[in-house]
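The sequence and the structure are shown first, and the description follows.

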Amino acid sequence: MIETGRLSVINPPREVPQFTPELLERLARRVSVFGPRASQTLYSPFDEGVLGVIPLCKPEDAYLAVEQARVAQATWARVDTRAKARIMLRFHDLLLQRQAEILDLTQYETGKARRDAQEELLDAAIVAQFYATRSPGWLRPRRTGGTFVGLTQTWEYRHPVGVVGVISPWNYPLVMAVSEPIPALMAGNAVVLKPDPQTAFTALWIQALMEEAGLPAGLFQIVTGGAEVGEALVACADFIALTGSTPTGRKVARQAGERLIGVSLELGGKNPMLVLEDANLEAAVDGAIHGAFANAGQLCVSLERIYVHEKLFDAFARRFVEKTRALRLGATLDHRSQMGSLTVQRQFDTVLTHVQDALAKGATLLAGGRPRPDLGSLFFEPTILTDVTPEMRVYSEETFGPVVSLYRFSDLEQVLSLINQSEYGLNASVWTRNLRRGREVASRIQAGTVNINESYAAAWASMDATMGGFKASGLGRRHGREGLYRFTEIQTIAIERLIPVTGPAWLPRGWYGRMVTAVLRAFKWLTRLWFRV
Ligand code: NAD
């Protein structure tokens with residue numbers, strides 16, 4: 001039997017962060033508020049002290065921010081894409097230069113470990129470099145096939161949609177302030193971002209840095225507040241990019257549907273990991289640790305259910321438990337701690353409820369399972385459960401915390417069918433030495449990204465490929481061309497030369513019909529040969 005034990009703990013002297021209270025006061029003044037407003041004191045899950053105070057917007061602030069952004073956008077849309085790219089590349093350099101300050105601030109806002117904050121920073125830099133360098137080519141008018149070869153010239157133009165509303169959660173504040181705003185801005189739009197209030201300072205810091213890099217003031221606005229400010233943004237923006245939970249996604253989609261505006265929705269998941277019988281055991285265990293406990297499990301693509309082939313199950317469970325117990329927990333501004341705190345009280349409550357519910361209904365606890373108030377009020381041990389059954393909440397609901405369930409399987413068809421029963425389809429992970437089989441199995445999993453011999457980072461960081469969800473995990477895609485094109489309106493411009501498509505006026509309709517019929521028959525054969533179908 002595997003016993004649960006105590007995790008290594010770090011209780012360092014509190015280090016001094018690189019950001020100052022004056023910086024936070026300056027950042028708070030950047031919030032788009034248009035009148036006297038209430039304010040909110042933000043507490044840090046990192047050291048439980050007061051972090052700072054931000055004004056809380058009212059819904060009318062969202063309307064006014066969109067109006068101001070619309071004015072700035074009219075000029076921005078005419079700026080050459082290469083000039084926009086130069087601003088984003090300067091932002092990229094400044095971000096890397098000032099990383100110590102923003103890493104500290106993000107850690108204080110979220111309670112996350114240094115390694116998780118660093119993952120955010122690197123991702124933000126990759127996004128800036130990627131869209132700065134690709135957008136000029138991708139946004140150029142594209143020549144397409146015309147009606148009649150030689151007679152019709154057809155082009156697709158991509159225009160900005162106008163003002164993009166970005167609504168984001170608190171789990172990856174640095175990524176969220178960059179990964180939707182940058183492609184939206186590169187496409188010629190203005191952006192109004194509504195972060196979760198808990199992580200507003202990171203978003204404001206990013207906005208200030210973009211302006212320092214050369215982004216015109218007023219083009220990227222930030223409003224603070226909760227659902228009512230988000231609803232106001234959906235009521236007046238021209239496109240909404242939401243990252244959040246599936247219930248919020250449904251509400252936003254309904255509201256956007258009424259207005260016939262576009263949305264992209266990056267929502268929840270219950271992401272599976274599948275360990276096949278020929279997997280490299282140690283690598284799979286390390287992948288499970290990273291996949292389940294990175295950012296204390298508060299990661300949309302993190303792994304919450306692990307299916308291990310019966311041949312490997314016992315050895316996998318033993319090593320997974322050993323390594324999980326050896327994880328170092330704590331709040332440090334360096335890399336000593338491997339897992340940090342949860343970020344918000346409601347997430348802590350969900351984690352605790354899911355674990356208690358599973359244990360009350362007969363699940364077996366292999367590791368963790370307890371809050372750690374000795375480290376901080378929102379710390380929770382990395383937790384491994386087994387003997388989890390469908391009546392337990394943790395079986396199918398997203399936990400969004402450091403809790404993972406282990407299942408044994410013997411039949412691949414059965415396990416694939418179980419995996420695909422979930423209402424979600426965001427990310428999955430397959431472990432095998434047979435890469436051809438791995439791809440075949442991966443393609444049968446209903447998920448927007450599937451990583452082979454990786455938990456989530458290979459697909460996420462492949463910026464040229466899309467990322468998003470099947471089923472209740474979302475609509476639309478971020479990253480790649482899709483991630484840019486969703487923020488554009490496509491316009492087709494066609495030029496007809498010599499004779500009209502419907503034939504010259506002097507040609508009798510009957511003749512025209514016979515001629516076109518002959519042309520279509522010949523054309524079908526030519527295109528079949530060309531496209532080899
Ligand atoms: P949430 O849905 O409660 O809130 C997300 C954002 O939406 C917040 O800014 C919130 O103020 C706003 N909001 C809430 N109701 C709204 C409404 N009716 N209209 C407009 N805006 C509204 O989510 P959360 O609990 O803050 O974040 C955790 C969730 O986010 C998890 O489900 C997680 O899986 C998901 N997530 C998904 C991805 C992804 O890429 N798929 C990434 C990160 C997080």
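## Terms and basis of the model

Contact means that heavy atoms lie within 4.5 Å. The structure is a predicted model, in which local features need pLDDT of at least 70, side-chain atom pairs count only at pLDDT 80 or more, and totals for chains, interfaces and linings use all residues. Residues are numbered from 1 along each chain as its sequence is written, and side-chain values use heavy atoms, with hydrogens and water left out.

The pLDDT is the predictor's confidence in each residue, on a scale from 0 to 100. For the protein chain its mean is 95, and 97% of the residues reach 70 or more. Residues 1-6 have a pLDDT below 50, and this stretch has 19 contacts in the model beyond near neighbours in sequence.

## Serine 422 and its surroundings

Serine 422 is placed in the loop between α15 (412-420) and β17 (424-425). Helices (H or I, at least four residues) and strands (E, at least two) are DSSP runs, numbered from the N terminus. With neighbours within four places in sequence left aside, serine 422 is in contact with Lys270, Arg305 and Lys471.

Residues are called buried under 20% relative accessible area, exposed over 50%, and partly exposed in between (1.4 Å probe, protein chains only). Serine 422 is buried because its relative accessible area is 12%.

## The nonpolar cores

A nonpolar core is a set of buried Ala, Val, Leu, Ile, Met, Phe, Trp, Tyr and Cys residues joined through side-chain atoms within 4.5 Å. The largest such core comprises 149 residues, and Phe316 and Phe320 have the most contacts inside it. Helix α5 (residues 114-139) gives the most to this core, namely 11 residues. Another core lies apart from it and has 11 residues, including Val175, Met176, Cys300 and Val301.

Which residues does phenylalanine 316 touch, leaving aside its neighbours within four places in sequence? Its contacts are Met273, Val275, Leu281, Ala284, Val285, Ala288, Ile306, Val308 and Leu406. Methionine 273 is located in strand β11 (residues 271-275) and is buried, with a relative accessible area of 0%. Beyond neighbours within four places in sequence, the contacts of methionine 273 include Phe316, Arg305, Ser429 and Trp431. Between methionine 273 and glutamate 413 there are 140 residues in sequence and 15 Å in space, taken from C-alpha to C-alpha.

## Salt bridges

A salt bridge is a side-chain nitrogen of Lys or Arg within 4 Å of a carboxyl oxygen of Asp or Glu. By this rule the model has 24 salt bridges. In one of them, arginine 70 pairs with aspartate 238, with the closest N and O atoms 2.7 Å apart. Arginine 70 lies in helix α2 (residues 59-76) and aspartate 238 in the loop between α9 (227-236) and β9 (239-243), so this pair ties together parts that are 168 residues apart in sequence. Arginine 70 counts as partly exposed, at 33% relative accessibility.

Glutamate 381 forms a salt bridge with arginine 370, where the closest N and O atoms are 2.9 Å apart. Both residues lie in the loop between β14 (364-367) and β15 (383-386), so the pair ties together parts that are 11 residues apart in sequence. Glutamate 381 is buried, at a relative accessible area of 0%, whereas arginine 370 counts as partly exposed at 38% relative accessibility. Elsewhere, Glu282, Asp286, Arg319, Glu322 and Lys323 are linked in a network of salt bridges.

## Surface patch and backbone angles

Val149, Val519, Phe523 and Leu526 form a nonpolar patch on the surface, and together they have about 410 Å² of accessible area. In such a patch, residues have over 30% relative accessible area and no salt bridge, and nonpolar side chains (Val, Leu, Ile, Met, Phe, Trp, Tyr) are joined within 5 Å, while like charges are joined within 9 Å. Accessible areas come from the Shrake-Rupley method with a 1.4 Å probe, and for residues only the protein chains shown count as cover. Leucine 526 lies in helix α19 (residues 509-531) and counts as exposed, at 55% relative accessibility.

Most residues other than glycine have a negative phi. Leucine 260, although not a glycine, has a positive phi of about 55°. Leucine 260 is found in the loop between α10 (246-259) and β10 (262-266), and is exposed with a relative accessible area of 78%. Aspartate 387, also not a glycine, has a positive phi of about 60°.
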